[in-house]
Amino acid sequence: MTSPAIQPCFLGPYGENDALLEKLVVEFLRDHVYWRRNFHPEDPPAIPTGAAGEPAFREFEARMRRELHALSAALKRSVPFHSPRYIGHMVSDLLLPGLAAQFLTLPYNPNNVSIDAAPVTIDLELKVGLQLARLFGYVDDPSRADCAFGHLTSGGTLANFQSLRLALATKAFPVALRAVAPPLVPLPEDDWSAFNLAPSAAVALLSAWNGFLAACSPKERRLWRQRLAAERLETLGLAGFLAKHPDLSTPRVLAPVTAHYSWSKGMKLMGLGRAQLELVPERGMRTNPDALEDMLGRCHRERQPVLMVVGVMGSTEFGTIDPLDALVAARDRWAAAGLGFCVHVDAAWGGYLTTLFREADGRLRPLADMREEFRDFPAPEVHAAVAALGRADSITVDPHKLGYIPYGAGAFLCRDQRAMQLLAEDADYVFSPGDDGDFFQRFRQLGRFIPEGSKPGAAAAAVYVTHKVLPLDHEHFGALPRESILATEAFRTAATRFAARLEGRLACRIPFEPDSNLICLALNPAGNRDVATMNRFVRELHRGLSFDPRQPLQSREFFGSMTTLRPEVLGPEETDRVLASLGLDPATLDAGGEDDDRLVILRHTLMNPFLLDTGNGISYLEMYFDYLERQAMRLVGETAA
């Protein structure tokens, strides 16, 4: 049976907790109205008590009701993300604490860019950053100079973009500082060395600059700031900055082949160019550390700067986790050799899995303790990767994915809050209003540091309250990903039985073992050797798992998704392995046909906590494989006919 601790957390697949949500919404709507009436109770009502009886009022109400009823009817055609029959994309039911907190906060309409517009929810957002910092092993004590900092975004794409902004600002700052040469500040010996400092060394240089300014008179400080601002990349632009420093070239970003398409977007938005995004070959759909080492060695020899190495914690398509421990070790090793870069972890999907690895006091759980709960999870390599999260320079995580929070709530975190001074729009690094106080005073003018000019405080309230109700450790929030990992292991078992049952009629393979709760299936009719034929078969299966606006929603037994395996991503060795496992002829891959340049496979996201309903004697996963067998055999029969 699903853990009793989870049962009150969601509205539920059947709306089982509707009374609880309704009670909360009504209670806090009334509370909001009470607040309005008591702001200045001596003010008379602006809307007369008899207004509801006026014809114009009734006409407006009728129009509003008509449109809302039309919207409600249209929304009934939405994809049923709440149902255990939905195993498609990265979305599921919503946690009641976050949903209720969002409802509660919406009428107050705070704008989380300034304390003037959001005096309450700005602080909640800063606290969310500290909650997530603790989860990932960063310093979360705001009294410490090296405390981490985090803020919410609309999603992982914008958080990844923020990581590029910060990495570039951190990399270019020492070069600009050399150009103004403040006395008594230890500077790198040349532009190349300055451009290739380790991120921690660049932050130390920023602190030395701040110390120098602190000893200056106010007028001197203004002059020094102006001189530095004129030399910064943020003033000159990338082309002007590189023209002024001809020993340097546009830095490169090294990302895994499984990287989300937001990285390509970010490179274009930053003006770095898509050509500077170089993909690191994989090994089992995880970054190959040996290939990364070769690429870094080549960059060092060719004096090609590297801005960032990206690691993925939970790839969007396969749920795999990169060897993050190897990435941060490579950063430290190459920094010592004079090739500095930062490591960013894109944990948009897998970040909340870390709750399974955390004790209530923030310590990392031993691998042996975790293996007592699961059959296979986590692999030692995954445990080592999670243990290294606290050494990454920045992290992306999406509360609106495995945090079960309403869209849009992504998050960006940097390991050392001092670096965020480099993103301040006014380019003041010390002694600007608000910067001379504590952590909360410094960041309450949040709009100075983030890409957005407006952002909803309701999202911050939703995430903060959820983390307070379900603390980010294995005993509390971890109960949710625990169910999803157990479901993944059950899916793996059911897939093995399914493959054995259909042997001789259908080849069923899991192309890559998952590290999280995303799992794929490759399916090929027995005897078929042609890639295009297999792809047509899987696409037809997927059509039955997709939303069809021409059909009633209930006509779909299950909802799923699909993805593709491309040879240029797989590499020759892995491509040959997958083709051989499915009985496909390599000569039919990319042979010039319509649909033969990649392999189409089914993709399943197992985040719904009610997939294994043993209390009612139901396994939606077994039901899914029964459905898949019926559909596959129907298509095999049609093909044979």
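Before looking up any strand partners, I noted the rule: two strands pair if DSSP finds at least two bridges between them. Helices (H or I, at least four residues) and strands (E, at least two) are DSSP runs, numbered from the N terminus.

**Entry: ground rules.** This is a predicted model, where local features need pLDDT of at least 70, side-chain atom pairs count only at pLDDT 80 or more, and totals for chains, interfaces and linings use all residues. Residues are numbered from 1 along each chain as its sequence is written, and side-chain values use heavy atoms, with hydrogens and water left out.

**Entry: confidence.** I looked up pLDDT, the predictor's confidence in each residue, from 0 to 100. The protein chain averages 94, and 98% of the residues score at least 70. Residues 427-434 stay under 50, and there the model has 22 contacts beyond four places in sequence. Contact here means heavy atoms within 4.5 Å.

**Entry: the four-stranded sheet.** I started with I519, whose bridge partner in β11 is H604. Strand β9 (residues 518-525) pairs with β11 (residues 599-605) in the antiparallel sense, over four bridges. The sheet they belong to is open, with four strands in the order β8-β9-β11-β10 and antiparallel pairing. Its edge strands, β8 (506-509) and β10 (561-565), each pair on one side only. From one strand to the next, the twist averages 35°. For angles, axes are lines fitted to C-alpha atoms, for helices over the stretch in contact, and the values run from 0 to 180 degrees between N-to-C directions.

Two helices lie across this sheet. Helix α18 (residues 531-543) lies across β8, β9, β10 and β11, at about 30° to β11.

**Entry: the seven-stranded sheet.** I found another open sheet, with mixed pairing and the order β1-β7-β6-β5-β4-β2-β3. β1 (149-153) and β3 (277-280) stand at the edges with a single partner strand each, so one side of each is left without a neighbour in the sheet. Here the twist averages 20° from one strand to the next. Strand β2 (residues 252-256) pairs with β3 in the parallel sense over four bridges, and P256 stands opposite V280 in β3. Helix α12 (residues 324-336) packs on this sheet, touching β4 (306-312) and β5 (342-347), and its direction makes about 165° with that of β4.

Entry: I counted a salt bridge as a side-chain nitrogen of Lys or Arg within 4 Å of a carboxyl oxygen of Asp or Glu. The whole structure has 36 of them. In one, the side chains of D515 and R286 meet at 2.7 Å, N to O. D515 is in the loop between β8 and β9 and R286 in the loop between β3 and α11 (289-301), so the pair ties together parts that are 229 residues apart in sequence.

Entry: Most residues other than glycine have a negative phi, and most peptide bonds are trans. I checked for exceptions. The peptide bond from F377 to P378 is cis, with omega near -10°, and P378 sits in the loop between α13 (367-371) and α14 (380-387). The bond from Y407 to G408 is also cis, with omega near -15°, and G408 is in the loop between β6 (394-397) and β7 (410-414). A181 is not a glycine, yet its phi is positive, about 45°; A181 lies in the loop between α5 (156-180) and α6 (191-195).
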